[in-house]
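Please read the points below with the sequence and the structure open beside you, and check each one against what you can see.

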Amino acid sequence: MTASTQATAFKRSPLAMAVLGILHLEPMHPYAIQRRIKEWGKDKVVNVGQRAQLYKTITRLQEAGLVTVRETGRDQQYPERTVYEITDAGRAACITWINEMISTPRNEFPEFPAALSFLMLLGPAAARVELERRAIALRANRTELEEGLAGAQQINLPRVTMLEDEYQLAVTTAELHWLETVLADLAADTLTWSWESLAQFQNQTTA
């Protein structure tokens, strides 16, 4: 199986890409991989909270020939730890995934748009309450991202290492702007609905 075929056959994920990206720099054991992702702040965009999921991902990468065991050792802090290193096929797969994930937009089916598609079930008043809660959370997220970027600039971190934070800030700002317009319409009663109006619309579409 060629490196290209291995990259295509493996069902990629942000976590798998992050593991290969970390191992691209140096061999590591799973705990160190998880710690490095968190130290670099990549856990904002890669779900590495469950170590069991990390182990499962590494096992799948090993079975696909994208990583391999370099050594297994013991010490007092870690009863047993396996150090993994990336293979040539893994390096090729990592670059292929990055190219594809950057160049090709993908419908990832996030939760928020899915919930919005059934917002009418809450009713205008309840919907406004929940959307206001989201707006508060988004403002806090925006402040955190702004502070993180400001801190990175103060210590002269290369901008390329913070692009995901710039993107997150842009997306958060755009969503918050949109959300505030929806909340304003709800407050002004220019966005409203009722079971009767929805039922009438349903009757029109099924007629």
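1. Arg 35 and Glu 39 are four residues apart in helix H3, so about one helical turn separates them. An α-helix has 3.6 residues a turn, so residues three or four places apart point the same way. In this model, which is predicted, the side chains of Arg 35 and Glu 39 meet in a salt bridge, with a distance of 3.9 Å from N to O. Arg 35 is partly exposed, with a relative accessible area of 39%, while Glu 39 is exposed, with a relative accessible area of 55%.

2. The side chain of Arg 36 forms a salt bridge with that of Glu 26, at 3.3 Å from N to O. Because Arg 36 lies in helix H3 and Glu 26 in the loop between H2 and H3, this pair ties together parts that are 10 residues apart in sequence. Is Arg 36 buried or exposed? Its relative accessible area is 19%, and since buried means under 20%, Arg 36 falls on the buried side of that cut-off. Glu 26, by contrast, is partly exposed, with a relative accessible area of 35%.

3. A further salt bridge joins the side chains of Glu 180 and Arg 139, at 3.2 Å from N to O. This pair links distant parts of the chain, since Glu 180 belongs to helix H8 (residues 163-187) and Arg 139 to helix H7, and the two are 41 residues apart. Both partners count as partly exposed, Glu 180 at 35% relative accessibility and Arg 139 at 32%. The structure holds 12 salt bridges, and the pairs described here are among them.

4. In soluble globular proteins, nonpolar side chains tend to be buried together.

5. How many of the 10 residues of H2 are buried? Seven are, so H2 is largely enclosed by the rest of the structure. The buried residues of H2 are Leu 15, Ala 16, Ala 18, Val 19, Leu 20, Ile 22 and Leu 23. If neighbours within four places in sequence are left aside, Leu 23 is in contact with Met 28, Ile 33, Val 67, Tyr 84, Glu 85 and Ile 86.

6. Thr 57, a residue of helix H4, is also worth a look. Thr 57 is buried, with a relative accessible area of 1%. Not counting residues up to four places away in sequence, Thr 57 touches Leu 15 and Ala 16, both of which are among the buried residues of H2.

7. The second largest pocket holds about 160 Å³ of space. Its lining consists of Phe 112, Ala 115, Leu 116, Phe 118, Leu 119, Leu 122, Glu 130, Leu 131, Arg 133 and Arg 134. Helix H6 (111-116) and helix H7 (124-154) are the elements that give two or more residues to this lining, and the largest share, four residues, comes from H7. By type, the lining residues divide into seven nonpolar, no polar and three charged.

8. For the chain as a whole, there are nine helices and two strands, and from the N terminus on the elements run α-α-α-α-β-β-α-α-α-α-α. Of the 207 residues in the chain, 29% are buried. Among contacts between residues at least 6 apart in sequence, 63% join residues at least 24 apart.

Terms used
Residues are numbered from 1 along each chain as its sequence is written. This is a predicted model: local features need pLDDT of at least 70, side-chain atom pairs count only at pLDDT 80 or more; totals for chains, interfaces and linings use all residues. Side-chain values use heavy atoms; hydrogens and water are left out. Contact means heavy atoms within 4.5 Å. Buried means under 20% relative accessible area, exposed over 50%, partly exposed in between (1.4 Å probe, protein chains only). On a 1 Å grid over the protein atoms alone, a cavity is a set of points where a 1.4 Å probe fits but cannot get out, and a pocket is an open set with protein on both sides within 12 Å along at least five of seven lines; lining residues have an atom within 4 Å of a point. Grid points are joined across faces, edges and corners, and a volume is the space filled by probe spheres set on the points. Ala, Val, Leu, Ile, Met, Phe, Trp, Tyr, Cys and Pro count as nonpolar, Asp, Glu, Lys and Arg as charged, and the others, Gly among them, as polar. A salt bridge is a side-chain nitrogen of Lys or Arg within 4 Å of a carboxyl oxygen of Asp or Glu.
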